[in-house]
Amino acid sequence: MAFHKINVIVNGKDEQVMVSSNMTLMRMLRECLALTGTKNGCSAGECGSCTVLINGEPVNSCMVLAAECDGAEIITVEGLAGDKQLDPIQETIIEAGGVQCGFCTPGILISSRALLNRNPNPSEDEIREALVGNLCRCTGYLRIIESVKAAARR
Amino acid sequence: MAESDPINAPSPVGENKPRIDGREKVTGAAIFADDLQFGNALLYARIKRSPHPHALIKRLDISKARALPGVKAVVTGEDFTGYIGLYLQDRYIFCRDRVRYVGDPVAGVAAISDEIAYQALELIDVEYEVLEPVLDPEFGASSQALLLHPDLGKYVVANFIFPKEGTNVSNHFKIRRGDVDGAWDKCAAVIERKYRIPHIQHVPIEPHVAIAKMDEAGEITLWASSQSPFAQRNLIAQAIGVLPGKLRVIAPLVGGGFGGKAGVSMEALAVAIATKVKGRPVKLLLTREEEFYTAFVRQGLVAYFKMGCDEKGHLMAMENKFYWDGGAYTEYGVNITRAAGYSSSGPYEVPNVKTDSYCVYTNHPVGGPMRGFGMPEMHAGLEQCIDELAQQIGMDAVEFRKINCLKTGSTLVTGSKMHPTGLLQCIEKTAEAIGWDKKTSPSAPNKRRGKGLALMWKAPAMPPNAGSSAWVELVEDGTLNVGIGGQDIGQGVFTVAAQMAAAALGVPYESVRIATPVDTRYSPYEWQTVASRLTWSMGNAVVNAARDARQQILTTVAEAWEESLEDLDIVDGVVISYKSEKEIPLKNLVIYGLPKPDGQGWRGGPVVGRGNFMPTYITGLDKETGQGEQAVVHYTTGAQAVELEVDLDTGRIEILRGVSTYDVGKAINPEFVKAQMDGGFVQGMSSALFENLQLSNGVVQNPSFVDYRIATTTDAPKDLQSFIVEVPQDDGPWGARGIGEHSMVPTIPAIANAIYNAIGIRFEGPPFTAEKVYLAMLDAGMIK
């Protein structure tokens, strides 16, 4: 197995990481950088729990090899909040009751942030479309959709 | 808003407090079991599984796997001879002589990397003698079927479960009430129906994970995503032959449970392997594929209903036969069969009932508890029959339900009396909100629109003496640590426990923290986080603990101030006297007590309150008749209605609106109650429209999120309304009873009834997929 030294900016911080050729970005974040907020729900790109932003785009990090990310800027759920200030979507998802077990929540937050970045005033259908790849088994989604609407208003 | 508020509860009970674990869950700080870091000592476990649904193990050779560099242990059934199981001990940790489902664990490997563990599995050589599998529960119950558990008669079993030795029936629950055979002649209408409810999977987004470690002294620690740390301590310890006190279970947050992480499933495998590599943590993380067929599944059901009513619409008789597809091991599933039996009338008063509920071994995945515990499956058919019967005598289905539904004091199918219930209010509110009397037009010419409604009831299904305990401890700053053994699986019980502790002691909600993670060495005992029982049972324990602490504090202050207890109170963390108008903040006395005057000494001391709760009033039911004084602690009742459209061009069903109303006794946190109703509705909808664990010769055909579809954002209805009715539970904290599971019980029949209302077609069972609906419309000549 070959190893690669890569440079990435994760949540605004420069990181140099040694990764094997077959290591996914999800594993790199969780195992090399201890950023365990990014969750492993299926390792198959189907549940969305491991969604992160790569250069601003939401991506299932279990479907990307870490070695491919050399030079990339990555945002995980740990990077959403500012110094002491939560991202509006983090506040509204608590207020609207869009969090239950919390396992899908990091991926939902990242997908929502990506949507709001490219479309600050999404319609309900646009919100549903943007989150269709993020499975949630607890909430029934409506409170999550409400929280994205509320975040857009802030 | 609550419909009524008969109990005057102190703040913050009844208030919509924010989720206590909200901030950690939105920042990525929340720790789940797979997030724990174990460093380089960690070993990775993988499981060699049976490829056959039914076979004898003729030869098992692990020598090559053991010789692979990097492999630290290979274990098999040879190493562990003990049985395991919650209500019926019918499982080995690893198969010993026989495999009974595709996925049955045959051997386990621990290696220094996941890759090596997988390689080792390939080197394990197993020779099988393949046997005829049992793939249908009705056939399985017959004398023609091969016996899957020849030792059934020897298994250790709870005294309310009745296995039939020499058959595949691991529990036969009977109701014999009144004279069913004599009742049919008096009926103006009688219908008979058969339903087939498929297996489904819980699909928590977090897969099962367990990490186990045995130290040199033989003490074992298990970290697991678990609804049942205490039950796991007891059952796993017994099975591997150590005392329960030697096994410590630490249970971080659970990423969705729905029953699938209750009892014991894969956790025993990790512990068993860890005992062979002392000092090293061993991690077993199920793949999503394994999750679908080696974790518990919801049992399949073949159900026969016969029911009749008189010309005025009074239900006269029911005759039910349930064949539960319990799978290879029914250690937990036997009690689902029982619960369905003692609830088999549905939420109705019926004078004559005969029920036979059979739990049947098959060579399918292991059936276990899932949200609703048999009730969604049973109500799916029963609540359609109610609609059909009403239609046959020309009565409105809501009117029919109002006449027959359980009211306070109604006689139940087990012979006991119904406690105070708001079921009638639930029906009325639901019917009103869905606009039952108004016909609405379809949104397009190629659509048909329909409405449907269904009722439900469900009791916590558990041993009669399932207990809870709690402690509260005050800190130097006057804040409160609350110890509980119940688990937050998303339902919000940590928040609700904090609200109840705050209210009972008299401190602000913000000053309460829950002592997590649940750890069997430090947390107080809790039977399991199941049965929608925590708000009620653990809630009582928390309240008792907080009141105990309150009593200690007030006694100290009363002595110090030479006042009587009745004049003292604790408000917002301050002890006050209504008589002398003195006050003292809790922080000034809860650790160091209070000085006696003139340096004469001290009184009081560190305050720790303790409380417990266990129902003491549950009686057994007669084995032959299912009759008894009090079978269960209580029933939560409720109703759901839907409005939907069927697309004639595609068969696709769109749920336009959903309405839920439940009598929860008292909503400790009303928004959390509604969140359960919303989430349960969508999970129920998903099971009605999409979900089916497709089994072919015992092999699950669709073990992935692509092939096993669950509801997504685009499937959720645009409009969900949830209403709370509060008729208090006499032994619940401020009257509360459970809601978690109930929210998905009536959804399948409500949707089925609405489909019938729209297109006049009924189905043998869910899922009502577009394909199935389209083909049925074609068959019926509705479309060409």
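Analyst: Of the 154 residues of chain A, 57% count as buried, a residue being buried if 20 or more other C-beta atoms, placed from the backbone, lie within 10 Å of its own, exposed if 12 or fewer, and partly exposed in between. This is a predicted model, in which local features need pLDDT of at least 70 and side-chain atom pairs count only at pLDDT 80 or more, while totals for chains, interfaces and linings use all residues. Residues are numbered from 1 along each chain as its sequence is written, with chains lettered from A and ligands numbered from 1 in the order in which they are written.

Chain A has five helices and five strands, where helices (H or I, at least four residues) and strands (E, at least two) are DSSP runs numbered from the N terminus. Their order from the N terminus is β-β-α-β-β-β-α-α-α-α. The radius of gyration of chain A, taken over C-alpha atoms, is 15 Å, close to the 15 Å of the globule rule for 154 residues, so chain A is as compact as a globular protein of that length. That rule is 2.2 Å times the number of residues to the power 0.38. The C-alpha trace of chain A spans about 45 × 30 × 25 Å along its principal axes.

Contacts here are pairs of residues whose C-beta atoms, placed from the backbone, lie within 7 Å. Among contacts in chain A between residues at least 6 apart in sequence, 58% join residues at least 24 apart.

At the boundary, 15 residues of domain 1 of chain A are in contact with twelve residues of domain 2 of chain A. On the domain 1 side, β3 (51–54) and β4 (57–60) of chain A each supply at least two residues, and β3(A) gives the largest share, three residues. By class, this side has six nonpolar, seven polar and two charged residues. Ala, Val, Leu, Ile, Met, Phe, Trp, Tyr, Cys and Pro count as nonpolar, Asp, Glu, Lys and Arg as charged, and the others, Gly among them, as polar.

Towards chain B, 43 residues of chain A are in contact with 39 residues of chain B. The elements of chain A that give two or more residues to this side are α2 (88–95), α3 (105–118), α4 (124–130) and α5 (142–153). The side of chain A that touches chain B has 23 nonpolar, 14 polar and six charged residues.

Methods
Contact = placed C-beta atoms within 7 Å.
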